[in-house]
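Take a look at the protein below. We will walk through its charged pairs, then its nonpolar parts.

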Amino acid sequence: MKNLSIPYKIVLVVFVLVWLLLILKIFIITIQRHDHYDRIAKRNTLKQEVLVPARGFIFDRKGEPLAVNELFFSVYLEPLLSGKELEKAVSKIVENLQGQEREALIQTYKKQNSAYNHDLIKVIDYVYANEIQTAYPMLIQEDNIHVKPTFRRFYPHDSLASHVIGYVGIADKNDVFYDPISKYTSVIGKEGIEREYNAVLQGQLGYRNSIVNAYNQRVSEADEFLPQTQNNIMLTIDANLQKVIDDEYADKNGSVIVMDAKNGEILAAGSYPEYNLNDFVGGISVAKWSALIDNPHTPLINRFVNGQYPPGSVIKMGVAMAILEYGNIDEYTKIDTPYAVKIGEWQFRDWKAGGHGSSDVFKAIGESVDVYFYKLSQAIGIENMAQVLEQMGFGLKTGVDFPGESAGILPTPNWKAQRYGLSWYVGDTVQTSIGQGSFLATPLQIARYTALIASGKLPTPHFLKKKNNEDSVFEPKDVLNDFQKSKLWALQKGMIEACNAPGGTGTRRVYGAKVKIACKTGTAQVTSIPQETKKRIKESEMAYFQRSHGWMTGFIPANNPQYAITILIEHGQSGGNAGPIMVRIANELYNLGYIKP
């Protein structure tokens, strides 16, 4: 070093420093950061294949399949193909599978292909098993083509309980954002139970890790985790009962709810007209979609949770409860109930010409005496009446395990002021007392309220009976005070008289029932009657959409309530017209063994 010149010394020092840095770097890479680079190496050599479970089945309460899967096959191509490789693979598919278009397949492939995509690219969603049988030996000769089994949703009963079951559709970007699993399943529940319990039905993904070389070729299997397949669900509905109701509504529109009055299990729920669920699988055609949305009877609306109707006289038991609590009378108190009462310049008429003479609460419910409620609703006031009706579930969602439920409208002075900026009048109170005016309720709310009158507790309506073989539990709510509970018998007696006593509004319409029915009819007007009209035109002479809705709600057996039944016939003219349907449902519950003799 002494004999070396200064420039050589500098070069030598730099040389030594470089080697020291290299040695230090090698030490860091091989010793200190070994685990880090080992993970990177594994990530570069491990290829993960996502394993997608078949969508879970939906069964009725007795094990009848309502939604299942059909076996199909999907066709995939390797990623990063171009030029002759892509042309060759597409040509092989077109030659062996009928109905496939070369340009369409190429466009489908190019939309998904990119330098960053190393997953197989699906170019054909569904091929029937019988079609793939002859094509399969030819397709697998091409290394870039892969054929894999897949499943497509199938609804064995077409339109049965269509609004309950709902349907699946192709998952879009928004669906994938909120539910990443749908990226791999390609479908997601769009309506009904398919939507509400999508997280259960789609299951959990599995995966298979393989070791691949630099050419993305599989060298060996590493590990595998199978997808979760405990994803079937059982509903509370009975398909046989549902079919009976479908028959009754073959030429009608409206809704039906049959519910266990104590635990809230829904044995049947119909919204009519219905639609064929299988039309939506894989995407509905433009012609079928147009036919549905252009139908004036709106088959796509789910009437039992979204249909909001004036409840009419079926609300009178709830108003009677408020009268007994705040009206300073008891159930035996009789008041004069003439044909009409006058409030200011307005005359509020009873449905019965000549009036009802005098009425107590039993007669007021059984014969649906409007004037009884006109008079006593003024005595108790809207606030007390609304408070009791809210306790009974009106103006509130029921909490049903179903998407998009409507809350209806329970009108109050506050509501009217906020909604319209208007004052509340006595006439508003009177109209509300008979379920008219701005009052709106869903069929499910009416069924739940009927179950409360029958059982003493407000149940939570629900469709789920079991998931993953575990029973579902929906506890009823204890919403009534002691006084209100002590008066339930009076409301029940009024409903028994409505369907059994002479003069009862439903008595003549429920002949032939194998079980005693307690009921309340309701005729909800959809067009107002001018004050100057002395004689109202017959409902049957009105245009269809101007006719009143017909309600009937009740429970069976009358003396030992077990099931609540709510029936709505849109523009059905009167609640009495629902009587034969009530009888048919009651008899079917008896025939199916739900009600013991």
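A salt bridge is a side-chain nitrogen of Lys or Arg within 4 Å of a carboxyl oxygen of Asp or Glu. This is a predicted model, where local features need pLDDT of at least 70, side-chain atom pairs count only at pLDDT 80 or more, and totals for chains, interfaces and linings use all residues. Residues are numbered from 1 along each chain as its sequence is written, and side-chain values use heavy atoms, with hydrogens and water left out.

Start with Asp172 and Lys190. Their side chains form a salt bridge, 3.9 Å from N to O. Asp172 sits in the loop between strand S6 (168-170) and helix H7 (173-178), and Lys190 in the loop between strand S7 (187-189) and helix H9 (192-196), so the pair ties together parts 18 residues apart in sequence. Helices (H or I, at least four residues) and strands (E, at least two) are DSSP runs, numbered from the N terminus. Asp172 is partly exposed at 38% relative accessible area. Lys190 is partly exposed too, at 25%. Here buried means under 20% relative accessible area, exposed over 50%, and partly exposed in between (1.4 Å probe, protein chains only). Elsewhere, salt bridges with shared partners join Arg55, Arg153 and Glu194 into one network.

How many salt bridges does the whole structure hold? A search finds 22. One of them links Lys88 and Glu142, at 3.8 Å from N to O. Lys88 belongs to helix H3 (residues 83-96), while Glu142 lies in the loop between helix H5 (129-139) and strand S5 (145-154), so this pair ties together parts 54 residues apart in sequence. Glu142 is buried, at 8%.

Now turn to the nonpolar side chains. A nonpolar core is a set of buried Ala, Val, Leu, Ile, Met, Phe, Trp, Tyr and Cys residues joined through side-chain atoms within 4.5 Å. The largest core has 95 residues. Among the members that touch the most others are Ile58, Val164 and Phe463. Helix H16 (residues 370-391) gives this core its largest share, 11 residues. A second, separate core of 29 residues includes Cys519 and Val583.

Zoom in on Val164. Its contacts (heavy atoms within 4.5 Å) include Ile193, Leu235, Phe402 and Phe463, not counting residues up to four places away in sequence.

Finally, find Leu22 in helix H1 (residues 6-32). Leu22 is partly exposed, at 41% relative accessibility.
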